[in-house]
Amino acid sequence: PSETGIDGWLRYAALPDELASRHPQYSTIISLADDQCSPVFTAARELQLGLSKILSQNVTLETKLLVSAASSYIVIGTVKTFLSAGRDEYENLPLKDDGYCLVCKDGKATEIIGQNDRGALYGAFEFLRFLSRNQLLPEMRISNPSAPIRWVNQWDNLDGSIERGYAGPSIFFADGYVLDDLTRVQQYARLLASVGLNGLIVNNVNSNYNLLNPINMQGLTRIADIMRPWGVRIGVSLYFDTPKGLGGLRTSDPLDPDVIAWWGYITSELYRHVPDMLGYLIKANSEGQPGPLTYGRTLADGANMFARALQPHGDGVVMYRAFVYNHHLDESDWKNDRANAAVEYFDGLDTQFEDNVIVQIKYGPIDFQIREPPSPLLAHLRKTPIILELQVTQEYLGQQDHVVYLPPLWKTIFNFDLHVDGQQSLVRDIVSGQRFNWSRSGYAAVVNVGNDPTWLGSHLAMANLYAYGLCTWDPQQSEEDIIQGWAQLTFGLDKTIVDTITNISMASWPTYEDYSGNLGIQTLCDIVTHCHYGPCPASQDGNGWGQWTRADAHSIGMDRTVATGTGNAGQYPQVVAEQFECIDTTPDELLLWFHHVPYTHRLKSGKTVIQHFYDAHYAGALVAQTFPQQWEALRGLIDDDRFNHVAFRLRYQAGHALVWRDSINNFYYAKCEIKDERNRVGNH
Ligand code: GCU
């Protein structure tokens with residue numbers, strides 16, 4: 001059969017008869033909510049769909065708890081509705097917001113108890129995952145999310161284009177307006193809900209203020225109404241200068257009373273259209289855009305203006321992005337460093353923000369590179385909660401034409417111990433709110449699905465969206481388990497399928513690092529044309545963007561030490577700062593991020609930097625050659641459409657990896673004229 005990918009990992013492929021017959025014959029699904037817009041009701045319908053597809057069982061849906069003890073039924077509701085139905089045993093379940101409990105009675109009846117509506121929905125999807133993977137449910141399973149904020153950011157523009165989107169036009173907008181047909185938005189909400197994601201910012205950070213015109217406000221209502229039954233709330237990005245541009249005011253100064261009143265009015269209008277709006281995502285004073293600094297005010301003044309506008313209406317938050325930097329930096333000044341910008345801009349503001357301001361911080365100090373240390377700003381805020389910003393869209397990582405399974409990269413950040421105030425401070429514990437007792441913090445990922453049936457432009461890339469949901473729910477879950485589960489749900493239970501996809505995926509990030517940028521030098525792609533694709537090491541230097549490598553004929557890398565460099569190492573807490581200050585204690589994979597060394601510098605492995613470059617590029621390109629061959633094993637085991645679609649991309653990647661290998665190696669060979677010990681480079 002042909003598969004488009006629209007259902008992603010929610011295909012609910014039928015279990016073979018011999019496996020299906022081992023599961024109970026369900027008689028009824030009972031939803032303890034009868035409101036058809038409630039996520040509990042959505043969950044009940046999803047269970048009905050899942051049972052019909054996975055087990056070929058047509059099960060009725062009821063809204064009253066009238067079942068005979070003899071039959072196999074599924075009851076779904078919240079703790080509250082179970083208690084009202086007399087089920088006192090669920091009174092003290094250790095559940096957090098959005099958490100759930102699955103109870104399996106005698107291997108037959110199942111009860112799904114959500115701490116809230118969304119929790120019930122997440123429990124239902126977990127039940128269906130067990131079923132699809134032909135796994136037995138434990139007698140009781142309690143699951144809570146690591147953090148309350150598990151959101152996605154769309155970079156969709158009103159004209160229907162998507163910044164850094166690689167899968168066709170927007171599913172939200174076209175020609176300046178919200179689309180009439182929002183079918184894909186509903187399908188997207190279902191995918192998000194299935195992995196516990198509960199919020200979405202609908203438009204690009206640099207957005208056009210026409211989002212706020214009356215027709216688009218009604219469009220926002222329609223988007224919110226479609227996503228709400230899936231437990232996904234929406235928020236919007238605002239453009240700082242909207243009072244001037246749309247409101248006709250003479251200024252957008254955040255302390256100006258007219259500006260404050262104007263945002264107050266807009267905010268009331270937005271809440272009238274979307275009563276449960278999440279809040280505002282703000283990118284200000286970044287990459288030449290306006291913000292509070294434009295008007296001589298502080299970043300906190302800007303954030304607080306929006307925060308106060310939101311406060312009368314509910315629990316809305318300002319997601320204030322820390323991606324603030326000057327993109328006209330002078331490279332001739334050895335002390336200049338874009339990586340220092342976030343801490344320089346935000347230090348001293350920790351106590352200045354309103355309670356509903358959350359600072360949204362990219363995982364690394366520069367910009368979604370193949371390897372970065374965690375942003376030092378993650379160690380600077382104690383009172384102001386944070387959102388950790390990740391990218392599912394593979395902007396610098398092959399733009400979905402290359403398979404790069406991201407959880408192993410994310411784990412380097414989640415598991416990093418920042419040693420704040422001399423105490424263990426894993427990034428995941430800071431983000432969850434545990435380390436500094438924040439009640440609202442968590443994760444956002446730039447996702448950028450488009451209207452291509454594959455959503456992201458590549459079937460394999462969808463593993464990253466699935467994994468993003470699972471990682472934000474539980475950042476300690478093994479990345480290998482996640483990909484195995486995803487492969488089963490998406491392609492089938494056959495061991496060859498699962499092993500092949502797991503092998504390719506687990507090898508993919510180190511492989512891409514090997515043939516793009518090694519030792520912390522960043523992804524050496526094209527910076528100057530802003531496409532951020534394909535090898536172009538020459539473009540890193542000689543511009544104001546600050547993603548520099550400082551490569552010359554003799555040496556390479558950014559000196560970020562306090563002693564002789566930009567001082568960036570010193571922005572980390574002492575234990576970490578000391579580690580990065582010194583070449584001997586800096587791990588090889590971040591050597592060139594923190595140090596400027598001769599190409600002949602010897603790594604801990606004993607190799608020189610330049611020989612490591614040469615070898616890694618050959619090794620990475622070689623592994624990429626194996627991907628299409630490995631994929632061949634799936635021919636006939638999965639549908640031809642998806643087989644061919646992936647096969648084509650893997651062949652392309654194998655070829656492009658050679659282009660990467662030779663471009664990078666020849667570039668550095670030409671610069672330093674140091675021969676490859678194995679005599680491969682420069683001989684083409
Ligand atoms: C990167 C990206 C831009 C984007 C920016 C951001 O610089 O290339 O397209 O606008 O990040 O995160 O705001």
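This is a predicted model: local features need pLDDT of at least 70, side-chain atom pairs count only at pLDDT 80 or more; totals for chains, interfaces and linings use all residues.
His 530 is found in the loop between helix 15 (495-515) and strand 17 (555-556), and its phi is near 70°, a positive value in a residue other than glycine. The loop between helix 15 and strand 17 also holds Arg 550, for which phi is near 50°, again positive in a residue that is not glycine. Arg 550 has 17 other C-beta atoms within 10 Å and is therefore partly exposed. As background to these two backbone values, most residues other than glycine have a negative phi.

Attention then turns to the annotated positions. The UniProt record, an unreviewed entry, places the feature "active site" at Glu 287, Asp 367 and Glu 395. Asp 367 is located in the loop that runs between strand 14 (357-362) and strand 15 (386-391), and because 22 other C-beta atoms lie within 10 Å, Asp 367 is classed as buried. When residues up to four places away in sequence are not counted, Asp 367 touches Lys 362 and Gln 547. Glu 395, in turn, belongs to the loop between strand 15 and helix 11 (407-414); with 24 C-beta neighbours inside 10 Å, Glu 395 is likewise buried. Leaving aside neighbours within four places in sequence, the contacts of Glu 395 are with Arg 164, Phe 368 and His 532.

Elsewhere, the packing of two helices was examined. The axes of helix 2 (residues 39-54) and helix 4 (residues 117-132) come within 8 Å and cross at roughly 10°. Since angles under 35 degrees count as roughly parallel, helix 2 is therefore described as roughly parallel to helix 4. On the side of helix 2, the contact is made by Pro 39, Val 40, Thr 42, Ala 43, Glu 46, Leu 47, Gly 50 and Ile 54, and on the side of helix 4 by Asp 117, Arg 118, Ala 120, Leu 121, Ala 124, Leu 128, Leu 131 and Ser 132. The residues of this contact divide into 10 nonpolar, three polar and three charged.

Conventions: Residues are numbered from 1 along each chain as its sequence is written. UniProt positions are given in the numbering used here, feature names are shortened, and annotations may be inferred rather than shown by experiment. Helices (H or I, at least four residues) and strands (E, at least two) are DSSP runs, numbered from the N terminus. A residue is buried if 20 or more other C-beta atoms lie within 10 Å of its own, exposed if 12 or fewer, and partly exposed in between; C-beta atoms are placed from the backbone. Two residues are in contact if their C-beta atoms, placed from the backbone, lie within 7 Å. Axes are lines fitted to C-alpha atoms, for helices over the stretch in contact, and angles run from 0 to 180 degrees between N-to-C directions. Angles under 35 degrees count as roughly parallel, over 145 as roughly antiparallel, 65 to 115 as roughly perpendicular and the rest as oblique. Ala, Val, Leu, Ile, Met, Phe, Trp, Tyr, Cys and Pro count as nonpolar, Asp, Glu, Lys and Arg as charged, and the others, Gly among them, as polar.
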